[in-house]
Amino acid sequence: MLSAVTVPTVPHEGQKPGTSGLRKKVKVFLQENYTENFIQSIIDALGKDVVGSTLVVGGDGRYLVKEVVDLIIKISAANGVSRLLVGQNGILSTPAVSCIIRKYKTLGGIVLTASHNPGGIDNDFGIKYNCSNGGPAPDQTTNEIYKLTTAIKEYKIVPELKCAIDKIGVQNFTVEGKPFVVEVIDSVRDYVDYMKEIFDFPLIKRLIQGSEQRKPFNVLIDSMNGVTGPYVQRVFVEELGASEKNVRRVVPLEDFGGAHPDPNLTYAADLVNAVKSGDYDFGAAFDGDGDRNMIIGRGAFFVTPSDSLAVLANNLHHIPYFQRTGVRGFARSMPTAAAVDRVAAAKGQEMFEVPTGWKYFGNLMDAGRLSLCGEESFGTGSDHVREKDGLWAALAWLSVLAATGKSVEDILKSHWAEFGRNYFTRYDYEECASDPCNEMMQVLEKRITEPGFVGSAHDSADKTYVVKLADNFSYMDPIDQSVSMKQGLRIIFEDGSRIVMRLSGTGSSGATVRLYIDSYEAKNVVGDAQVMLRPLIDVALQLSQLPQYTGRDAPTVIT
Ligand code: G6P
Ligand code: ZN
């Protein structure tokens, strides 16, 4: 029999979960009792439900995942959890955790990831709690966890418990006279089974393999050495008949092979170049934990996440899951371009605009009012799980391409011809000094909320923009009426163009400023976004004085 011991501890500062869990440098997590404190606080926040519960545990394979899985096993055992479902070798993508929580109706799950942030001993790690609906814990829970971290005095652990997580199977233990079970599960099986229910795999397989009527549709799928490698291998190579040449970087590595596993034009430039110079019809990349996606077409034709959402919204009827469930509402985060709003209006669907963060979609999905949603930050997903889902997005696109027989570029062009185009760009200024950025945001908020700002005119190049509305975005959840304040500064002009500015909630050091520009054109739809948006970008830089506050004359990343 194994015994639990109680270890005295003192609080660590700064264990406040951000947009998506607690994210810090690995070395911060390695401080004495830092990780133990946070895990114990998660468990304490669950209250008495934890006794006898089942939790899912897994992560994106980055440095420290295995060690922290081991700690979670030992601490859970000491706190009366009765069963853990652990991904083999600690590997589970974020959408797979969501899928498994829902399928096995567990109390929740702990996801070990810093998402798209680089990994390795000098980079980032993260811990996130997901609830029984499979979605990220709401603010109320993360605030409670944080409160507990500030007052923690002890944690409980079973130090002698030894559990191997490299072999699939059930391991039984007796802890303080009670049974405790760790079930090491196949990291991909449940998720892949689910994808086969959602999509028409034979249809996608015919697309990829080609037929007498159609040559093979050549895909290039890039896992960026993140967690999706084994999922991509199983889905694309084993199920859909793609060859090893159609997949790249499919081995999860603790440091992502030095890659910054964020699927965008800058960090996935390798994929973009390969698709540009090769004979490929389609490219997709996913982030470290598998919830983000980037979609490109032949010649590396880039699909903005906002357009991707709109195109999928317009084509859901090609996907078996939605043929069964019907379509109930669309949503996007506030900074996301409003392209999907036009599809919602045309289809008579309810449309929601929520703050940045996937957690805000969960209530709407649980209430049956939301089927498809997305964010400009390369997140797309549906109510099949409660996380965004990179691989799902690629399969959704391939379903639409297979059903329509069009190329990616043709789909976009006909979409814009029908609905008009929301030109969109995002400028990121990474790792700036925090104080001046906070000051910049305060000053800008003051300026745009002063009397007289609404109605004021701003000239740039040959354009004049007149302010229609300006505020710090706040949101009331239509389901539980909870209110989230100060979710980003937005300036909306008479012609519907928007400037949005907010500070990132996912960085691990310094401040990252995000500037989002969205401008609608009904007819002039095939221009270059950077050229089309230049006047509005200049207005934004002028109004915010961003170059002066940050000392930067150019963004780190443009998407
Ligand atoms: C995570 C969340 C997304 C959110 C993004 C925002 O990826 O899961 O839902 O859009 O963070 O990140 P930011 O750095 O802009 O706060
Ligand atoms: Zn992610």
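## Domains

The domain assignment of the protein gives domain 1 (5-187), domain 2 (190-419) and domain 3 (421-558); such bounds come from an automatic or database domain assignment. The model is predicted: local features need pLDDT of at least 70, side-chain atom pairs count only at pLDDT 80 or more, and totals for chains, interfaces and linings use all residues. Residues are numbered from 1 along each chain as its sequence is written, while chains are lettered from A and ligands numbered from 1 in the order in which they are written.

The C-alpha centres of domain 1 and domain 2 lie 29 Å apart. Their contact takes 27 residues from domain 1 and 32 residues from domain 2, where contact means that two C-beta atoms, placed from the backbone, lie within 7 Å. On the side of domain 1 that touches domain 2, helix α4 (residues 94-103) gives the most, with 8 residues. That side has 9 nonpolar, 14 polar and 4 charged residues. Here Ala, Val, Leu, Ile, Met, Phe, Trp, Tyr, Cys and Pro count as nonpolar, Asp, Glu, Lys and Arg as charged, and the others, Gly among them, as polar.

## An open sheet

An open sheet of 5 strands runs in the order β11-β10-β12-β13-β14, with mixed pairing. Helices (H or I, at least four residues) and strands (E, at least two) are DSSP runs, numbered from the N terminus. Two strands pair if DSSP finds at least two bridges between them. The edge strands, β11 (247-248) and β14 (302-303), each pair on one side only. Strand β10 (residues 219-222) pairs with β11 in the parallel sense over 2 bridges, and Asp222 has Arg248 in β11 as its bridge partner.

## Helix α13

Helix α13 (residues 359-366) is largely enclosed by the rest of the structure, because 7 of its 8 residues are buried. Buried means that 20 or more other C-beta atoms, placed from the backbone, lie within 10 Å of the residue's own. The buried residues of α13 are Lys359, Tyr360, Phe361, Gly362, Asn363, Leu364 and Met365. Their cover includes β15 (330-333), β16 (351-354) and β17 (372-375). Just after α13, Gly368 takes a positive phi of about 75°.

## Ligand 1

Ligand 1 is surrounded by 14 residues, and the closest are Trp358, Ser377, Ser504, Gly505 and Thr506. A residue is near a molecule if its C-beta atom, placed from the backbone, lies within 6 Å of it. By class, this shell has 1 nonpolar, 11 polar and 2 charged residues.

Notes
Buried ≥ 20, exposed ≤ 12 C-beta atoms within 10 Å, placed from the backbone.
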